[in-house]
Structure formats: C-alpha cells, structure tokens
Amino acid sequence: MSVVAKRVLVTGGAGFLGSHLCERLVAHGDDVLCVDNYFTGRKDNVADLLGDPHFEAMRHDITHSLFVEVDEIYNLACPASPIHYQFDPVQTTKTSVIGAINMLGLAKRVKAKIFQASTSEVYGDPSLHPQPESYRGNVNPIGPRACYDEGKRCAETLFFDYFRQHKLKIRVARIFNTYGPRMHPNDGRVVSNFIVQALRGAPLTIYGDGSQTRAFCFVDDLIEGFLRLMAAADQVTGPINLGNPHETAVAELAELVIALTGSRSTITSCPLPIDDPVQRCPDIGQAKALLDWQPTTSLKEGLSRTIAYFDKLLSRRGAMEGGKIKLPSH
Ligand SMILES: NC(=O)c1ccc[n+]([C@@H]2O[C@H](COP(=O)([O-])OP(=O)(O)OC[C@H]3O[C@@H](n4cnc5c(N)ncnc54)[C@H](O)[C@@H]3O)[C@@H](O)[C@H]2O)c1
C-alpha cells in the first residue's frame with residue numbers, strides 16, 4: 001500500500017520561519033502549498049524549492065478567503081519584527097485576527113489540523129520570570145506593540161473557541177526570539193542588526209545599557225518543535241512555549257558577534273524603545289514533557305551559521321548601496 005503524501009498549507013511560507021518549515025516538510029515528503037503576500041517574505045527564500053514537484057507557491061493575502069484542499073495548516077503569516085508590524089498596524093491586526101478567522105474557517109471546512117504561530121509577546125512585559133504558559137501576561141492594549149500583541153492574543157482566543165465550539169484539531173505554539181539564516185536583514189531585530197552592523201564594520205547599537213536579556217533559539221531547533229507539536233496527540237493543543245531558556249545579555253551577544261565576525265566594530269548605546277520588555281525567557285517544561293523537545297544548537301554554532309548567511313547575502317554584487325543594504329529582489 002503506498003503512503004499518500006499529506007497536503008500541507010503554510011501561510012507566511014516565504015518568510016524567515018515559513019521558508020525553513022516548507023523545506024523540512026518537502027524533505028519529509030509532504031505536498032506543500034506556500035501562501036504569502038510577500039510583505040516581509042521573499043521569493044528568494046523559497047527559490048530552491050520551486051523546482052520541486054511537491055512544492056507550490058501562491059501569492060495571496062490571508063485577510064481574504066482561501067479555498068484549497070489540505071490536510072494540515074501552519075498559520076505563520078504575520079510580520080514578526082516591531083519595525084515591520086508597526087509599519088501598518090491596522091493591517092497587522094487584520095492579518096492576525098481576520099487571517100486567523102479565514103484559516104480556521106478553511107480548517108473547519110476541509111477538516112484540517114491547524115497550527116498557530118503565536119508569540120511570547122502575548123506575555124507583554126512580564127512580571128513573572130521565566131514565563132510558563134499559565135501566565136496571563138502584562139500587555140499594554142493601546143501601545144505601539146498592541147497591534148501585534150493583542151492581535152496574536154485574539155488569534156489564540158479564536159483558536160480555542162474553534163476547538164471548543166467546532167471540535168477543530170488545533171496546535172498553538174508561543175514562539176520566543178528565534179534567529180538564523182534568512183532573517184530579514186533590515187528587520188531591526190537584535191541578532192540581524194548586530195550581524196549586519198559587524199559585517200559592515202559599523203558600530204553595534206545597544207538599546208539601554210545592554211543588561212536586558214534575551215533567550216535566542218536557533219531556527220532548526222524551533223522548526224523541530226513545530227513538527228513535534230503538529231504530530232503530537234490531539235489533546236496536546238498548547239499553548240506551548242517554544243524557545244531557548246538559556247538567557248544572554250544583549251551586551252554579551254554584541255561581544256560574541258564581534259568576536260565571531262572578526263569585526264573591528266565598536267558598541268554604542270541608544271535609548272530603550274517604548275514597551276521594550278527588560279527580560280523574557282521561556283519556561284519550556286511543557287515542551288520537554290509533552291514533546292520531548294528542547295533546543296540543542298549552541299548560540300555560538302547558530303550565530304556562525306547565521307553570520308555565514310549574511311556574509312554571503314551582503315557580499316553579492318551590488319548588495320550594498322550608499323551604506324544601505326539593498327534587499328534581494330522578490
Ligand atoms: N521569528 C521569531 O522570533 C518569532 C517569534 C514569535 C513569533 N513569531 C511568529 O512566527 C511567524 C513567522 O515569523 P517570521 O519571523 O518568519 O516573520 P516573517 O516576517 O519573516 O514572516 C512572515 C511572513 O508572513 C507574510 N505575510 C504577512 N502578512 C501576510 C498576509 N496578510 N497574508 C499572507 N502573508 C502574509 C510575510 O510576507 C512573510 O513572508 C509570525 O506569525 C510571527 O508572529 C516569530
């Protein structure tokens with residue numbers, strides 16, 4: 001008896017995390033449909049997959065209905081970095097909320113299992129440390145980050161209402177800071193910022209005094225967590241934290257990037273942005289117990305692989321223009 005490939009929809013599939021997920025699913029033998037409006041995603045991210053008969057890319061905005069036949073849905077579409085999600089905050093909320101409604105409606109119609117890429121931002125500026133899934137969060141509902149934080153919180157609500165009301169098979173992952181190859185070079189996130197600055201020999205900008213910590217998870221580890229959660233028993237709905245519990249001070253990260261790139265860059269300090277959390281770190285007890293999952297890539301190893309990616313990206317002919325990085329064309 002031949003095994004029929006699963007048909008898997010990945011929204012936001014041309015983005016940073018989505019492109020790695022598509023790659024893993026295709027390698028596993030699934031039939032993957034990548035849906036993306038290319039707001040922050042890039043065709044380059046999935047270019048290597050385009051020749052594969054098990055991969056298909058579709059330009060589509062998930063705030064509009066989508067009618068396709070699939071067995072599983074990974075809903076990743078949503079700009080993830082503050083610069084990008086604050087660029088058009090109304091569209092960010094629409095993507096999170098209306099996008100979730102559309103994808104949940106699709107999952108209900110075709111009886112697909114559906115995964116939501118939620119975020120540690122649902123915890124806001126946490127008063128509890130590290131954050132377990134039971135922590136309800138400390139989010140400012142009217143601040144500049146609210147379009148994302150509250151959008152994602154509402155999406156979680158919708159997922160659990162579809163689960164209770166329509167018996168949908170849901171999986172909700174709360175993703176913490178993730179880094180790796182194919183991060184957007186201009187996304188303003190700390191890892192990509194530091195690497196790009198170091199490779200250009202520009203000063204590394206630290207917001208505040210650099211004592212704030214972040215817990216950085218390498219992308220391959222995170223995607224393994226996604227796959228395990230999707231494959232888990234149906235009672236494992238989440239929300240479940242996926243991230244690296246090992247904390248690193250931002251200043252320490254800057255030093256490590258300078259050392260690994262061999263850069264002569266110096267470090268400068270800027271004021272902290274509004275609502276920037278001082279500390280955020282996952283409690284991954286549930287992921288360990290229920291999925292037998294934890295990150296295995298060291299920061300040094302993950303950074304080296306990310307630096308190699310950015311080095312190649314920046315050294316492409318004509319990649320630098322007037323001190324600004326010209327992004328690869330879509
Ligand atoms: N990277 C992280 O550290 C992190 C942390 C927490 C949560 N997440 C979540 O994971 C998901 C993926 O994040 P990422 O880092 O890959 O970000 P990304 O910006 O690289 O990817 C998001 C993708 O969604 C697409 N998109 C945005 N709006 C869309 C719309 N309306 N319709 C169709 N496509 C749309 C973008 O073009 C992009 O390809 C996001 O939902 C994000 O909130 C990421």
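This is a predicted model: local features need pLDDT of at least 70, side-chain atom pairs count only at pLDDT 80 or more; totals for chains, interfaces and linings use all residues.
Residues are numbered from 1 along each chain as its sequence is written, and side-chain values use heavy atoms, with hydrogens and water left out.

**Exercise 1.** Work out how helix 6 and helix 10 are oriented to each other.

*Solution.* Start with the geometry: helix 6 (residues 190–200) packs on helix 10 at about 55°, and their axes are 10 Å apart. Helices here are DSSP runs of H or I, at least four residues, numbered from the N terminus. Axes are lines fitted to C-alpha atoms over the stretch in contact, with angles from 0 to 180 degrees between N-to-C directions. Angles under 35 degrees count as roughly parallel, over 145 as roughly antiparallel, 65 to 115 as roughly perpendicular and the rest as oblique. So the pair is oblique.

**Exercise 2.** Find which residues of helix 6 make the contact with helix 10.

*Solution.* Contact means heavy atoms within 4.5 Å. Helix 6 brings V191, S192, I195, V196 and L199. Facing them from helix 10 are L303, T306, I307, F310, D311 and L314.

**Exercise 3.** Is Q197 buried or exposed?

*Solution.* Next, the cut-offs: buried is under 20% relative accessible area, exposed over 50%, partly exposed in between (1.4 Å probe, protein chains only). At 14%, Q197 is therefore buried. Leaving out residues up to four places away in sequence, Q197 touches A202, P203, L204, T205 and S265.

Technical notes: Helices (H or I, at least four residues) and strands (E, at least two) are DSSP runs, numbered from the N terminus.
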